[in-house]
Amino acid sequence: RFFRRCCIGIAVTTTLAAEPATATYHIAEISEVLTGYNFLTSAQFVEIRMKAGGQHLVSGTKLAAFDQAGVFFKILLTIPGDVASGADRRWLIATSEFEAASGIQADFELTEELPYFHGMVCWGDPVAGETDPANYVDCVSYGQYSGDPNIHTAAPTPISPSGYSIQRISDTNDSLADFVCGDPIT
């Protein structure tokens, strides 16, 4: 049985930036991130929450990683398909190790690893350039991330999503209020 861990810290401030009006995925946010679970550093996931219906055409969007200093690291995954439509629809990008440890089936498999203790993860379709966080729909920075603030995250949460997730509980752009230590199995 998996158990819930508590963590102390403050959370990420994220803001949605609208992509072009023709985008059918831009009313969305990163809702949860895990970089290691049950002593498996490769058991990882990112959950995306679609905040409105009709935001399901996500094929070709990208999940990107930035290192602790805020420097673009790489595209971790180009989403190969679309997801079901619906307001408050959540979909999961996860490693096979997380799927095996949790018994939860991901919508898309992640084969590249997220920054483990410190970094930033961004999602969207960065047509204006994948190295600039402002070109994504949403980003979350965590741990001892020291990169410049951007339109998606003014300050990182010092919580490292290792062993437990960081989970969005509100969308106030207040680091303390928006993310808490989460239970990755729920």
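**Figure 1. Strand β2 is enclosed in this predicted model.** Of the 6 residues of β2, 6 are buried, so this strand is largely enclosed by the rest of the structure. In a regular strand, side chains alternate between the two faces of the sheet. On one side of β2 lie Phe 45, Glu 47 and Arg 49, and on the other lie Val 46, Ile 48 and Met 50; all of these residues are buried, and both faces of the strand are covered.

**Figure 2. Strand β2 pairs with β5 and with β1.** Strands of a sheet pair through backbone hydrogen bonds, in either the parallel or the antiparallel sense. Strand β2 (residues 45-50) and strand β5 (residues 89-94) are antiparallel and share 6 bridges. Within this pair, Arg 49 stands opposite Arg 90 of β5, and Val 46 has Ile 93 of β5 as its bridge partner. Strand β1 (residues 28-34) also pairs with β2 in the antiparallel sense, again over 6 bridges. Here Leu 34 has Phe 45 of β2 as its bridge partner.

**Figure 3. The sheet that holds β2 is open and has 6 strands.** The strand order is β6-β5-β2-β1-β9-β10, and the pairing is mixed. Strands β6 (108-109) and β10 (179-182) stand at the edges with a single partner strand each, so one side of each has no neighbour in the sheet.

**Figure 4. The largest nonpolar core has 29 residues.** Leu 63, Trp 91, Leu 114 and Trp 123 have the most contacts inside this core. The elements that give two or more residues to the core are β1, β2, β3 (62-66), β4 (72-78), β5, β7 (119-124), β8 (138-142) and β10. A second, separate core has 8 residues, among them Phe 45, Leu 92, Ala 94 and Phe 98.

**Figure 5. Leu 114 and the residues in contact with it.** Neighbours within four places in sequence are left aside in this view. The remaining contacts of Leu 114 are Val 33, Leu 34, Thr 35, Gln 44, Phe 45, Val 46, Leu 63, Leu 76, Val 121 and Tyr 142.

**Figure 6. The chain as background to the close-ups.** The chain contains 2 helices and 10 strands, which follow the pattern β-β-β-β-β-α-β-β-β-β-α-β along the sequence. Of its 186 residues, 51% are buried. Among contacts between residues at least 6 apart in sequence, 62% join residues at least 24 apart. The accessible surface of the chain is about 7,900 Å², and carbon and sulfur atoms account for 54% of this surface.

Conventions
Residues numbered from 1 in each chain as written. Predicted model: local features only at pLDDT ≥ 70, side-chain atom pairs only at ≥ 80, totals over all residues. Heavy atoms only, no water. Pairing = 2+ DSSP bridges. Helix = DSSP H or I, 4+ residues; strand = E, 2+ residues; numbered from the N terminus. Buried < 20%, exposed > 50% of the residue type's maximum accessible area, 1.4 Å probe, protein only. Core = buried A, V, L, I, M, F, W, Y, C linked by side-chain atoms within 4.5 Å. Contact = heavy atoms within 4.5 Å. Areas by Shrake-Rupley, 256 points an atom, 1.4 Å probe, with all protein chains shown as cover.
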